[in-house]
Amino acid sequence: MSYTKKRWLILTASCFINLCIGSLYAWSVLAGPMAEYLGGLKGVTLTAKDLAIVFTLANSVGPITMIAGGKINDTLGPKIVVLLGGMMFGGGMFLSGFANSVGFLIVTYSLLLGLGLGMVYGATISTCIKFFPDKRGLVGGLTTSTFGISSVIIPPIAAAIISATGPTTAFKVIGGAFIVIIGVSSLFIEKCPADFVPEGFTPPAAVSGGKKTEDKDWKAMLATPEFYVMITMLTCGAFAALMFIPMISPIAQNMIGISPAAATAAVSTLALFNVFGRVFAGSISDRIGRINTLAAACVFSVLGLVLLFMAKEGDIALFYVGISIIGICFGAFMGVFPGFTADQFGPRYNSVNYGIMFIGFALAGYVGPSILNHIYGGSGSYNKAFFIAMIFSAAGLVLTFLYRMLKKRQ
């Protein structure tokens, strides 16, 4: 089978793998019951807020192994990276079922699972981007969207297991299943040949007689001003959603006044529009350009935040429209940036380069929730957090214009 046909099998396997590791965002369903369980063991009262550090760290350590795994990916191939990372991710989830303290969860869920996620996520996306130079936006959207849709599929499964047997069993069952699924799927992952060009595809530079994008390694990438604009842009673009994703259920309950059961729909809504944004924006960026797509996402993100700022108790429709827009805009950044990085610095070293770029995402994932918890804890209101997120989104828009200026000077 030619690589032009085989690449679709590799893409499918990568999507199944990312569906598993995207369960990181099911934390909001697991956190409450696990806090109650640990509180019962210790004879203290714990809430989901007390376990927020577990998710924040898990979401922040990924770039470490994205970069290290990216180097292995570029030399030995992605199969070994995905297999090892998958065992870490699934194993971390499984071992979290034996947790007897928050510290135990930090080791198993935050570190083992989080570091495994970075290896797998970076390897699957960069590999697929290399195999699809003709569809980088679409493929970036598909591979990241399956990561996002996991937060729609896994929560009801986890909730059902928790209801029947408790949170510890949910961790063990889900973790064991992921070890098997990722292990089998990794067998279909292959390294993209350096000279691979899909049948029927002619690189744009060859068509126009222009200069081919130079492949820059991480040192050359860090020497360019475009990198610093892009990584800051990613931080700003991801900030709003990452501020709210871990706490969207409590926000819906405290701000709008809906029941805990109904608040689960808010988690699913944000996740669904996040997925839609990744596929739609990734695909459209192949037509209108990456930077145009990102600029539009920043504009609409501000609009969504304004709606959330306006929403008060009982404003269910306004709240749902707001989080839907935020989900689409976040999905746009996550779907577009893998291809955007490869466009700018070349596909050859994209495994490491995108891992470094992903630090911007991790920074937003760490700072955003911390700011939200601090603001709500001090004022009992989320409005100031929405306003800060608007500033970040507006800054992202300004950075898209700065990027254009840098490109014009070349």
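Which residues does Tyr121 touch, not counting residues up to four places away in sequence? In this predicted model, Tyr121 touches Asn18, Ile21, Met66, Thr144, Phe147, Arg278, Met334, Tyr354 and Phe358.

## Nonpolar core

Tyr121 is also one of the residues with the most contacts inside the largest nonpolar core, together with Trp27, Tyr109, Met233, Phe319 and Phe337. That core has 122 residues. Helix α15, which spans residues 316–345, gives the largest share of this core, namely 15 residues.

## Cavities

Over the whole structure, a search finds three cavities of 30 Å³ or more. The largest cavity has a volume of about 140 Å³, and 14 residues line it. Among these, Tyr25, Ser151, Ile245, Leu270 and Ala271 lie nearest the centre of the largest cavity. Two or more lining residues come from each of α2, α7 (136–165) and α13. The largest share of the lining of the largest cavity, five residues, is that of α13. By class, this lining holds nine nonpolar, four polar and one charged residues.

The second largest cavity has a volume of about 70 Å³. Its lining is made up of Leu24, Tyr25, Ala58, Asn59, Gly62, Pro63, Leu117, Phe147, Phe358 and Phe361. Helices α3 and α4 (62–76) each supply at least two residues of the lining of the second largest cavity. Eight of the lining residues are nonpolar and two are polar, with no charged residues.

## Second largest pocket

About 420 Å³ of space lies in the second largest pocket. Of the 23 residues that line this pocket, the closest to its centre are Ser28, Gly32, Ala48, Ser249 and Pro250. At least two lining residues come from each of α2 (27–42), α3 (52–60), α12 (248–256), α13 (260–288) and α17 (359–379). Helix α2 contributes the largest share of the lining of the second largest pocket, six residues. The lining divides into 14 nonpolar, eight polar and one charged residues.

| Space | Volume | Lining by class |
|---|---|---|
| Second largest pocket | about 420 Å³ | 14 nonpolar, eight polar, one charged |
| Largest cavity | about 140 Å³ | nine nonpolar, four polar, one charged |
| Second largest cavity | about 70 Å³ | eight nonpolar, two polar, no charged |

## Buried polar residues

Ser110 and Ser126 are found in helix α6, which covers residues 102–131. Ser110 counts as buried because its relative accessibility is 0%, under the 20% cut-off. What does the side chain of Ser110 have 2.8 Å from one of its polar atoms? The backbone oxygen of Val54 lies at that distance. Residues up to four places away in sequence aside, Ser110 touches Ile53, Val54, Leu57, Ala58, Val61, Leu105 and Leu115.

The side chain of Ser126 makes a polar contact of 3.2 Å with the side chain of Asn73. Leaving aside neighbours within four places in sequence, Ser126 is in contact with Asn73, Asn350 and Ser351.

Asn350, a contact of Ser126, has its place in helix α16 (residues 350–357). With 1% relative accessibility, Asn350 counts as buried. Not counting residues up to four places away in sequence, Asn350 touches Ser126, Ile129, Lys130, Pro338, Thr341, Ala342 and Gly355.

Thr269 lies in helix α13, the helix with the largest share of the lining of the largest cavity. Is Thr269 buried or exposed? Thr269 counts as buried because its relative accessibility of 15% falls under 20%. The side chain of Thr269 reaches the backbone oxygen of Ala265 at 2.7 Å. Beyond four places in sequence, Thr269 touches Tyr320, Ile323 and Ser324.

Definitions and conventions:
Residues are numbered from 1 along each chain as its sequence is written. This is a predicted model: local features need pLDDT of at least 70, side-chain atom pairs count only at pLDDT 80 or more; totals for chains, interfaces and linings use all residues. Side-chain values use heavy atoms; hydrogens and water are left out. On a 1 Å grid over the protein atoms alone, a cavity is a set of points where a 1.4 Å probe fits but cannot get out, and a pocket is an open set with protein on both sides within 12 Å along at least five of seven lines; lining residues have an atom within 4 Å of a point. Grid points are joined across faces, edges and corners, and a volume is the space filled by probe spheres set on the points. Helices (H or I, at least four residues) and strands (E, at least two) are DSSP runs, numbered from the N terminus. Ala, Val, Leu, Ile, Met, Phe, Trp, Tyr, Cys and Pro count as nonpolar, Asp, Glu, Lys and Arg as charged, and the others, Gly among them, as polar. A nonpolar core is a set of buried Ala, Val, Leu, Ile, Met, Phe, Trp, Tyr and Cys residues joined through side-chain atoms within 4.5 Å. Buried means under 20% relative accessible area, exposed over 50%, partly exposed in between (1.4 Å probe, protein chains only). Contact means heavy atoms within 4.5 Å. A polar contact is a pair of N or O atoms within 3.5 Å; within protein, one must be able to donate a hydrogen and the other to accept it, and residues adjacent in sequence count only if both atoms are side-chain atoms.
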